[in-house]
Amino acid sequence: MLSCFQDALVRHTSLVTQLVSQDQRVCIHFISVLFGLLCSMEDGSVTDLCIEVLIQITTQLKLEQTIRCLLDECHKELCNMPSMRGSLATLTLLGKLVDAIPALADELVMEHGNLMEHLLRGLVYPSEGIQASVCYLYGKLYSSPVAAEMLSGHFREKLFPLFLSILDGAQTKELQINCLGLLRQLLKYDLFVSMIMNQDGLGESAKNIEGSSGNTSLPLVLKKLLLSRDETLQVASAHCITAVLVHSPAKHASAFIHADIPEFLFEHLSSSSEVLVWSSCNCLTLLVEEPLFFSKCHTVYGIEAVVRSLQGSLKMNNIELHKQGLLLFAEILTRQPEEIKLFTSSAMCRDAGRALQEAVSSPVLEVAAEALKATSAFLSHSALNQVCSNFLYYMCLNLLSAPEKTGPPSKEELSAVSELLQHGLPQISSRSPESLAFLSDRQYMEGAARQRQYCILLLFYLAYIHEDRFVSEAELFEAVQSFLLSLQDQGERPPLVVFKASIYLLAICQDKDNTLRETMVSAIRKFLEGIPDLQLVYTHHPLLLRFFLLYPELMSRYGHRVLELWFFWEESSYEELDDVTSAGQPALPASLVVLFQLLRSIPSILLILLDLIYSSPVDTAHKVLISLRTFLRRNEDIQVGGLIRGHFLLILQRLLVEHGASPSGASGNLPLLLSLLSLMQLRNVSEQELDSVAMKLLHQVSKLCGKCSPTDVDILQPSFNFLYWSLHQTTPSSQKRAAAVLLSSTGLMELLEKMLALTLAKADSPRTALLCSAWLLTASFSAQQHKGSLQVHQTLSVEMDQVLKALSFPKKKAALLSAAILCFLRTALRQSFSSALVALVPSGAQPLPATKDTVLAPLRMSQVRSLVIGLQNLLVQKDPLLSQACVGCLEALLDYLDARSPDIALHVASQPWNRFLLFTLLDAGENSFLRPEILRLMTLFMRYRSSSVLSHEEVGDVLQGVALADLSTLSNTTLQALHGFFQQLQSMGHLADHSMAQTLQASLEGLPPSTSSGQPPLQDMLCLGGVAVSLSHIRN
């Protein structure tokens, strides 16, 4: 029956627990019955099943009263037992219950404190099964920091000596494992570690407890377990030793060393168990921190085991084991006293060298790094003999062969290095200071001595590349300079790899305030002149880039190539830097920090970057562009616009001369350059006069556009952006001159006409963004031509019906395109379709005009209706920018109609649909009437006295809402619209309500004076979806 209940509990947990928990009295009774069954049964399988069901139902119900009931039953059962003989089931249940509900540990100790006395009774009872259950429960109690603190006195006075004796004499695996589990919990706390390791803190009563042993110590007990043949016990023992040592190796290591534990740990290094080897390495690494470890000569005994273990572990696929073994080896080599010889045979030294050589070649960076540390210690400890020379030779070749960021060296280069090392390494027997002095020697050097210098330099180079800087940077900086000058004095040219190492070390070791002497820079340049390609001596590092760009003599000759190599090998995630929409600015890579510092101090580097954008492969050019754009965005105080524009003009002129017929095929990087040029224009936040360079650029870019087709989107989009921003971001006098230059480009005008005609084309249509720019440019050109009566060289023909169709059936997700077309249409309406630049032509055969059509010509009444419906539909989209463009176009339309037929204008303004439209917009949210497009719309309806659209009472409600609003929080655009609304109402003079008039006057006086200036906001020029936009142009 119990088995069936358990099966139901597992299969239908929620249903069974719901049934059992309906009546708490029934639930408690059921648990009492189960507990009684548990205590009365002697069949192990039945008791196990009872325990399992009790744990399951208790944890599922999560009822505090039920848990308390079960704890009380257990406590009562233990108290009523004359002997611990039948306590196993109860103790097991308690242990598993605390394991399932860890919070019970604190409750058991606080509310059932005398339970500990029964646990002590079970610990001395002559049954290892009961003892194991007690140890398991103790382990769960001491796993809680609160319970452990409360039980500290109990441990010191009663538990510790008894427990250690039981661990020492345990025969069954269950008792040994549970004792070690309890020990692991105790060793988490510094207090218990001190008690266990220093037994003098124990009370006298503890030493007289029955069953305890006075001379048992933890190191001896753990040593006994290390000697067992059970791998689980060996690993657990090693873990316990480590758990003690991590508290303080200085305090506790000596006890384990005196117990000869290192000897057995060294023996375990030959085990086939990776876990045991790793655990032993971990213990030994902590033990070697104690000097006694070496005075006892444990390392001399164990070094062979370490080397053999290292050789074996490197064949396994266990990175953590590799790292731990190398760390142990390095610690031994570093701490071994010099007077005690570690390697007693050349064969052992050779085996160690080969193992390190293999580890250094590891593809895992962390392993290779540990191997390099161990190698450094090995070389400094070994007698710098033939074994060490061979090791150094193979290690150097391995390090040089490893693929770096710039790829592995060629076979020829490796062959040359191999020959150099074979001859030079055996001659090196000095330590670092002597080697530095020898490298600095300017006396005449014979062949063998020079070979030795080459080898020393290569060793320093490899060490510094792998962050092992064991000599002073300042001293090495001077030594390398002396070495190169010595070569120059003797008319020698070093091997490429040696010169590569020299340049790298000079760049790395050069202090920010310490520069090379002019003679040294000249010497380096002469050496470089004999090298066919800088890549042969290039190492990818930001400080090497700084080195070549810092000195004008080097930058003028090699700046272009070093920057090209730099960006080619850069692997940073540049796309993230270009994401201007992300919150905050992403952190710069260290490499770009160095480059940006150089750009701030040496702006002429920007010219090299421009050349790279134009001439490099597209991937490299893209990295350069993002870097330059990021620099310009983050350093707006640096005025480099003139420098960049002047150089760009030269590039563009050269391109048009060389590829005049088809500039789109001249360079795949031209769009990148043009996008940078448009960004430079966007940086000008205030109106500036266009200088001669700017005018020449306008001329050249317009010529470039005129030679392109509508499909050359990548070139045209940044070009159109540049032309548009140049036209809108300058003074009125410069606008007139710029417009005249651009209107003279017949090729550009012809291109715009083609693109406007493609707006509705289903096939071969340019991207929506480019069409936006084309309509905005056309509107701008038309306005400037009309305003300044500028000469027109090429007329643009536009079909009015096609324009209206584009507004009536807009493309998906093309709000900006609709806004751009409306901007164009508003300009045409304001000019009464009299533009000399833009000619509105009919689409095919037209019907005879009606009387109304004659009045409205060239518009027809059907076109007016179509336009009004299109504007209403676009307004309902509630896109802020599109809505402003719609209102602007509606204003121009009503002005146009009013000038020709006031009745028609009033009829359009008073349409019932306008009221529905207005209140749909007002329903957009709280204070929606303060949105600028809605204010302008209400102003327009009031102007035409459309009371059917906006009643007198509703105007009053708006005024009351304005009076309650905080005007200081409104944008300048909104304040301008509000000012216009008030002026319109004031001019009407029909506000009979005196209080409303006062409210209006107070609101007018409360408006900041800046609202009447008509100046656009500072953030007027934006790039929306890749399109250059002037918000004030679209709004007004």
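Predicted model: local features only at pLDDT ≥ 70, side-chain atom pairs only at ≥ 80, totals over all residues.

Analyst: Where do the partners sit? Arg 68 belongs to helix H5 (residues 64-79) and Glu 107 to helix H7 (residues 104-111), so the bridge ties together parts that are 39 residues apart in sequence. In general, side chains of opposite charge can pair when their charged atoms come close.

Now check how open each partner is. Arg 68 has a relative accessible area of 30%, so Arg 68 is partly exposed. Glu 107 has 17% relative accessibility, so Glu 107 counts as buried. The cut-off for buried is under 20%.

Compare this with a second pair, Arg 561 and Glu 564. Their side chains meet in a salt bridge at 2.9 Å, N to O. Both residues lie in helix H33 (residues 552-569), 3 residues apart, which is about one turn of the helix. Arg 561 is at 24% relative accessibility, so Arg 561 counts as partly exposed.

Arg 860 lies in the loop between H47 and H48, and Asp 801 lies in helix H45 (residues 800-808), so the pair ties together parts that are 59 residues apart in sequence. With a relative accessible area of 19%, Arg 860 is buried. Asp 801, at 24% relative accessibility, counts as partly exposed.

Return to the pair we began with. Salt bridges that share partners join Arg 68, Glu 107 and Glu 111 into one network. How many salt bridges are there by this rule? The count comes to 23 salt bridges.

Pro 858 is found in the loop between helix H47 (851-856) and helix H48 (861-876). A cis peptide bond joins Ala 857 to Pro 858, with omega at about 10 degrees. Most residues other than glycine have a negative phi, and most peptide bonds are trans.

Two residues have a positive phi without being glycine. One is Lys 878, with phi near 60 degrees. Lys 878 lies in the loop between H48 and H49. At 31% relative accessibility, Lys 878 counts as partly exposed. The other is Ser 789, with a positive phi of about 50 degrees. Ser 789 sits in the loop between helix H44 (768-788) and strand E1 (796-799). Its relative accessibility is 64%, so Ser 789 counts as exposed.

Turn now to the nonpolar side of the picture. The largest nonpolar core has 368 residues, and Phe 343, Ile 524 and Phe 720 touch the most other members. Helix H49 (residues 880-900) gives the most to this core, with 12 residues. Phe 720 is in contact with residues beyond four places in sequence, including Cys 705, Leu 748, Met 755 and Leu 777.

The axes of helix H21 (residues 298-313) and helix H23 (residues 346-360) come within 9 Å and cross at roughly 35 degrees. H21 passes H23 in a left-handed crossing. Residues of H21 at the meeting include Glu 304, Val 307 and Arg 308, while H23 brings Met 348 and Asp 351, among others. By class, the contact has 5 nonpolar, 1 polar and 3 charged residues.

Key:
Residues numbered from 1 in each chain as written. Heavy atoms only, no water. Axes fitted to C-alpha atoms, helices over the stretch in contact; angles between N-to-C directions. Helix = DSSP H or I, 4+ residues; strand = E, 2+ residues; numbered from the N terminus. Left-handed = near helix turned anticlockwise from the far one by under 90°. Contact = heavy atoms within 4.5 Å. Nonpolar A, V, L, I, M, F, W, Y, C, P; charged D, E, K, R; others polar. Core = buried A, V, L, I, M, F, W, Y, C linked by side-chain atoms within 4.5 Å. Buried < 20%, exposed > 50% of the residue type's maximum accessible area, 1.4 Å probe, protein only. Salt bridge = Lys/Arg side-chain N within 4 Å of Asp/Glu carboxyl O.
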